[in-house]
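Please find below a colleague's note on the structure.

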Amino acid sequence: MTDTLLNVDRHLLITGGCGFIGSNFVRFIRAQRPAWRITNLDSLTEAGNLQNLADVAVGEHYRFIKGNICDRALVERLIDECTDIVHLAAETHVDRSIMDAGPFVQTNVVGTQTILDAALKVFKARSSGRLVFASTDEVYGSLPLDTMSERFTEDSPLRPNNPYSASKAAADMMVRAYHETFALDCVVTRCCNNFGPNQFPEKVIPLFVTNLLEGHSVPLYGDGKNVRDWIHVEDYCSALLAVLERGHSGATYNVGANNERSNLELTHELLRLLGCGPEMVRHVPDRLGHDLRYAIDAGKLECELGWQAERSAWPAALERTVKWYQDNESWWRAVKSGAYKDYYKRQYGLFEGESGE
Ligand SMILES: NC(=O)c1ccc[n+]([C@@H]2O[C@H](COP(=O)([O-])OP(=O)(O)OC[C@H]3O[C@@H](n4cnc5c(N)ncnc54)[C@H](O)[C@@H]3O)[C@@H](O)[C@H]2O)c1
C-alpha cells in the first residue's frame, strides 16, 4: 500500500456499527487508522448494543447517531458529512427471516436502496466517495456435500434459498446496478460465517458457548452435517479495509478463510474446549430450507489486493473466542435477558429448566 493511500484523511459512515461485525470494525479502524473519523449510524435493534463499543466510543474522532438507514433525509445529511460509507446494517438472522420476512426486505433492500440514492446524489455532486457493501456468501445458495472440492467464486450464480439471503442478494444486485447505471463507486464483499467477540448469542457459536457456560444443552439442527466456512471477524475487518482502500470500483470480492467445518464438528470442538460431554447436545428439527454447504474461493481478493486471512486458524482462533465469552460473562448475561429470552423461549424452548430442555 502506498503512503498516499494511508494518509488520506477519511471520515467513514459505518452503518450497523453497534452490531457484531460493525463494532469490531469500529475498533479495528480506530487501531489501524487512528486519524480517521467515524460516524456510526445504528437504529439499535436487539442485535445492536452500545456496550459493544464501550471501550472505543470516545473522543472527537467518533460519533454515534441513533437512526434508521431507511430515513432518507438523515442518511443524506450524514453521507454529506462523510467521505465514504461502509454499509453493514442489516437484519441478519435466518431464523427470524423465516418467521417474518418483512423487516428483512425493509432494512436490507429498501434501506440499501435509500443509501444508494443518497450516496448517488452526494458523491456525484462532489465527484468522490466510495460505498463498501457487506453482502454474504449465502447469496450463492447451497453446494452439495458430495463434491467437497467445489467452491463459490464471484462468478457463481446467485441462488438464495431463504428470505435473509434473498434480501441480501437483492441489495447486492442493487449495488451492482447503481455502479453499472450511474458509475457510483461501489465495492461488494461476500463473506463467509464470522466468529469472534460481541456476537449476538442467537448465532450458533455464542449461543452454544454461553449455553454450555450456563449448564444448558445446545440445540443442534438436524443431523449436524451442514458445512460452513468460518472466518475470524478481524480477518473480515481487514478485508473490508482492503477493499475500501484498494478494491477496484464495481468489483465483488469473496472473503473466506479455508476453514470449513460441519456443524457437528464445530459442536464437538466447543464441547471439548468447555469440558462438556455429548449428552449436552440436543438434536432439534432441521431449519426450513437449510443450506447444506457454503465454501468460498477468496483467490481474487488474495491475488488482486494481497489480502490474507491471518487470524482465523483453528483451534487457536476458536479458543480465543471461547475465552472472550468466558471473560465477558456480564456482557452476554445482559444480552440474554429481557426480550431476547422471551424470543428464544418461544422459538426453541431454551432456558427452560435446569438443562435447558
Ligand atoms: N455475521 C456474519 O457471519 C456475516 C457474514 C457475511 C456477511 N454479513 C453481513 O455483515 C453485516 C453485519 O452483520 P452482523 O453479523 O454484524 O449483524 P448484526 O445483526 O450483529 O448487526 C446488525 C446491526 O445493524 C443494525 N441495524 C439493523 N437494522 C437497522 C436499520 N434499519 N437502520 C440502522 N441500523 C440497523 C442493528 O442494530 C445492528 O447493530 C450484515 O450486512 C450481514 O448481512 C454477516
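**Ligand shell, helix packing and backbone**

1. The shell around the ligand divides by class into 13 nonpolar, 13 polar and 2 charged residues; here Ala, Val, Leu, Ile, Met, Phe, Trp, Tyr, Cys and Pro count as nonpolar, Asp, Glu, Lys and Arg as charged, and the others, Gly among them, as polar. The model is a predicted one, in which local features need pLDDT of at least 70 and side-chain atom pairs count only at pLDDT 80 or more, while totals for chains, interfaces and linings use all residues. Residues are numbered from 1 along each chain as its sequence is written, and side-chain values use heavy atoms, with hydrogens and water left out.

2. There are 28 residues around the ligand, of which Ile 21, Asp 42, Thr 92, Tyr 164 and Lys 168 come nearest (a residue is near if one of its heavy atoms lies within 4 Å). At least two shell residues are supplied by each of helix 2 (20–32), strand 5 (131–136), helix 6 (163–182) and strand 7 (193–195); helices (H or I, at least four residues) and strands (E, at least two) are DSSP runs numbered from the N terminus. Strand 5 gives the largest share, 3 residues.

3. Polar contacts are pairs of N or O atoms within 3.5 Å. An N or O atom in the side chain of Tyr 164 is 2.6 Å from a ligand oxygen atom, and a backbone N or O atom of Ile 21 lies 2.7 Å from an oxygen atom of the ligand. The protein buries 96% of the 840 Å² that the ligand exposes when taken alone (Shrake-Rupley method, 1.4 Å probe).

4. Helix 3 (residues 72–81) packs against helix 5 (residues 102–126) at an angle of about 35°, the axes being 9 Å apart; axes are lines fitted to C-alpha atoms over the stretch in contact, and angles run from 0 to 180 degrees between N-to-C directions. The residues of this contact comprise 7 nonpolar, 1 polar and 6 charged.

5. The peptide bond joining Trp 314 and Pro 315 is cis, with omega about 5°, and Pro 315 lies in the loop between helix 10 (299–305) and helix 11 (316–327). Leu 44, although not a glycine, has a positive phi of about 60°; Leu 44 is in the loop between strand 2 (37–42) and strand 3 (62–66).

Notes:
Polar contact = N/O pair within 3.5 Å; in protein donor to acceptor, adjacent residues only side chain to side chain.
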